[in-house]
Amino acid sequence: MLSFCKLLAVLPIVLAASAGPMVLHERRAAPPSGFIRQGAAPANEIITLHVALTSNNVAGLEERLRSASTPGSPDFRQWLSMNEVKAFSQPSAETVSAFNAFASANGLKPTVISPNGDWVAISLPVSQANKLFAAEFEVFTHPSLPGPITRTLSVSLPSELVGHVEVLDPTTAFVAGDVRPPPPASTIARDAPAASCDTSLATGVITPACLQELYGIPTAAATEESNVLLVTAYEDEFAQTADLAQFLTLLRPDIPPNTTFEVVSLNNGTNPQGPFEAGGEANLDIQYTMGIATGVPVQFLTVGGDSTVFPTNLLDTTTFLDGVPNPPTVMTTSYGRVESNFGASLATKICNGYMALGARGITVLFSSGDGGVRGNHDDPSICSNNTFLPIFPASCPFVTAVGSTIGFAPETAVNFTGGGFSNVFPTAFYQTAQVASFLETLPADFPGIFNTTGRAYPDVALQGWNFEIVANNETTLESGTSASTPSFASIISLINDRLIAAGKPVMGFINPLLFSTGSTAFTDITAGHNSGFVCPASSVAFDATTGWDPLTGLGTPVFSELLAVAMAA
Ligand SMILES: *[C@@H]1O[C@H](CO)[C@@H](O)[C@H](O)[C@H]1NC(C)=O
Ligand SMILES: *[C@@H]1O[C@H](CO)[C@@H](O)[C@H](O)[C@H]1NC(C)=O
Ligand SMILES: *[C@@H]1O[C@H](CO)[C@@H](O)[C@H](O)[C@H]1NC(C)=O
Ligand SMILES: *[C@@H]1O[C@H](CO)[C@@H](O)[C@H](O)[C@H]1NC(C)=O
Ligand SMILES: *[C@@H]1O[C@H](CO)[C@@H](O)[C@H](O)[C@H]1NC(C)=O
Ligand SMILES: *[C@@H]1O[C@H](CO)[C@@H](O)[C@H](O)[C@H]1NC(C)=O
């Protein structure tokens, strides 16, 4: 009896192996620069692969999102429910049975790991993974990563899975950590600065009061309890409640200093409050949401795991929200990496996750990077390389990418503001006219090498230099698109508060509105050159110009006008 069962289990493996040819799914000629090969992964090591089963109707979901987000369409802002999105995102019965047949033929036990059923996990020895997917898993290290990663340069699918599997993760994605720190923070005296914005200074200190003055952001408290603003945190960045209280006391004395945020944990994420555990990024994001989105309930999503699992954590964030019936209305994220490191299939799947969140009525915002045209943070060794490096997720057409400005008279694009053109995603439907106009401004002999047919970012901008925060009980100045993004997100949250109070649906995916009727609600930023924070200003980069540009997008917001456009739509 036992041996009979064994025989049955073994037989299909032989059949599966001969069922059809392997079809190349994704490959790289070499690991991206900086990754060091450490030899083959041990054959008997068990690895867990996450398998994205093809969604049954991504095109249909995109069409619904396009319609729901375009002013004037009959279903404008008719955002979808959790189950309506699931109907588009889940795999077809045919796909599920094709994968299950493959799994059982090979003795694998897939577990469903996403509410929409589009992700399953399989655990298997490296030797079997190599054989089933024509892979060669190896161990790699990178100086920016805290530990080794197991990856393969090439992954194939048996022909019976082609069309049924979108991504195998982790396989060919090689995502490094942040190679360089963001523009430096500096400590300043506790009593600086003045309560309002000294716009007579070329580059003053930015505080909540200053942003309120510059962009006309109201100080009155929001009233709608359901209108949650979600701040995501990765890579052990923790937000300190004691620092927040100090920040509010100093810079928002009109808000009770014990006003706080709710911690939500994913993948065993924590938010320890010990001395010196404050993360500069997490504190900045929490202080400039709590400090600008007055009265809006803020959640801090702390996602466990270091930078070796960053791409998986981005995915897990989208699948987590797929299962929340009444999700936040705005999500702000100040993290990104070089797009090419993700690979097309993984970047597309993550981006489709943001598409699904947009369709639910969530505005998804990402910082556009702090390396100008050269990646998330520029690097002195590539200043004379004119092949520009777009960053992701900012390059996803379904997020709103936020760049940075500096100064007041006039407000200009700051040198590090990330901007460019995707090599994975085509020009987004809502931006074709503006992008074509920008491309016409480039001289015929422009030396920068970039993809003119790619999704162009950022979409908008806001101040990003010298933001005053409190970290580890010290008053410091922080700079970066990381500062601009939570501040812009807060503006959208305040507008959502007014929309809900007026009985209207929230803004949701905002780009089609911003690039059409909303474009007049921005101050056009027309000067600046995004050569990066460390690369010399003479390095090849884009220049800000009249209209949309890949430094400041449509420009910086005028609150009253954006509110009026949102209300009228
Ligand atoms: C904040 O402090 C006030 C005054 O001490 C108190 O009434 C209120 O309950 C506190 N709120 C929270 C959220 O702890
Ligand atoms: C979270 O912690 C539990 C208990 O230690 C563990 O079983 C689980 O694998 C952890 N999950 C992740 C994603 O690390
Ligand atoms: C310039 O950068 C691109 C993109 O990273 C890379 O492929 C190329 O090899 C670099 N060229 C030089 C001369 O380093
Ligand atoms: C340019 O972008 C398009 C998407 O618009 C993509 O299909 C194409 O492969 C990209 N070209 C290069 C050289 O990366
Ligand atoms: C924080 O700093 C202030 C003055 O700079 C000091 O009075 C206070 O005791 C400090 N708090 C903690 C918890 O160290
Ligand atoms: C970029 O701009 C910042 C802010 O003005 C400045 O401190 C920095 O020196 C500039 N970098 C370069 C390379 O000019």
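This note goes through a predicted model point by point, from the whole chain down to single residues.

1. Overall build. The chain has 15 helices and 26 strands. Its radius of gyration is 24 Å, close to the 25 Å that the globule rule gives for 569 residues, so the chain is as compact as a globular protein of that length. Along the principal axes, the C-alpha atoms fill a box of roughly 85 × 55 × 50 Å. Of the 569 residues, 57% count as buried.

2. Salt bridges in general. How many salt bridges does the structure hold? The number is 8. Three residues, Asp118, Glu166 and Lys349, are joined into one network by salt bridges that share partners. Three pairs are described in the next points.

3. Arginine 37 and glutamate 138. These two residues form a salt bridge in which the closest N and O atoms are 2.9 Å apart. The pair links distant parts of the chain, 101 residues apart: arginine 37 belongs to strand 2 (residues 36-40) and glutamate 138 to strand 6 (residues 138-141). Glutamate 138 is buried because its relative accessible area, 12%, falls under the 20% cut-off. Arginine 37, at 47% relative accessibility, counts as partly exposed.

4. Glutamate 235 and arginine 337. Another salt bridge joins the side chains of these residues, at 2.5 Å from N to O. Arginine 337 is buried, with a relative accessible area of 3%, whereas glutamate 235 is partly exposed at 22%.

5. Arginine 252 and aspartate 254. The side chains of these residues meet in a salt bridge of 2.8 Å, N to O.

6. The surroundings of ligand 6. Which residues surround ligand 6? They are Ile406, Asn415, Trp465, Phe533, Val534 and Cys535. By type, this shell divides into 5 nonpolar residues, 1 polar residue and no charged ones. The protein covers 57% of the 360 Å² of accessible area that ligand 6 has on its own.

7. Polar atoms at ligand 6. An oxygen atom of the ligand is 2.4 Å from an N or O atom in the side chain of asparagine 415. A nitrogen atom of the ligand is 3.0 Å from a polar atom of phenylalanine 533, and here the protein atom belongs to the backbone.

8. Two cis peptide bonds. Most peptide bonds are trans. A cis bond, with omega about 0 degrees, joins aspartate 169 and proline 170. Proline 170 is in the loop between strand 9 (165-169) and strand 10 (186-187).

9. Two asparagines with positive phi. Most residues other than glycine have a negative phi. Asparagine 466 has a positive phi, near 60 degrees. Its place is the loop between strand 22 (460-463) and strand 23 (467-471), and asparagine 466 is buried, with a relative accessible area of 15%. Asparagine 472 has a positive phi of about 50 degrees. This residue is found in the loop between strand 23 and strand 24 (474-478). At 25% relative accessibility, asparagine 472 counts as partly exposed.

10. Sequence distance and distance in space. Serine 422 lies in strand 20 (residues 420-426) and counts as buried at 1% relative accessibility. Serine 422 and glutamate 468 are 46 residues apart in sequence, and their C-alpha atoms are 32 Å apart in space. Lysine 131, in helix 5 (residues 126-132), counts as exposed at 61% relative accessibility. Between lysine 131 and serine 156 there are 9.8 Å in space, C-alpha to C-alpha, for a separation of 25 residues in sequence.

Conventions. Residues numbered from 1 in each chain as written. Chains lettered and ligands numbered in written order. Predicted model: local features only at pLDDT ≥ 70, side-chain atom pairs only at ≥ 80, totals over all residues. Heavy atoms only, no water. Salt bridge = Lys/Arg side-chain N within 4 Å of Asp/Glu carboxyl O. Helix = DSSP H or I, 4+ residues; strand = E, 2+ residues; numbered from the N terminus. Buried < 20%, exposed > 50% of the residue type's maximum accessible area, 1.4 Å probe, protein only. Near = heavy atom within 4 Å. Polar contact = N/O pair within 3.5 Å; in protein donor to acceptor, adjacent residues only side chain to side chain. Areas by Shrake-Rupley, 256 points an atom, 1.4 Å probe, with all protein chains shown as cover. Nonpolar A, V, L, I, M, F, W, Y, C, P; charged D, E, K, R; others polar. Rg over C-alpha atoms; globule rule 2.2 N^0.38 Å.
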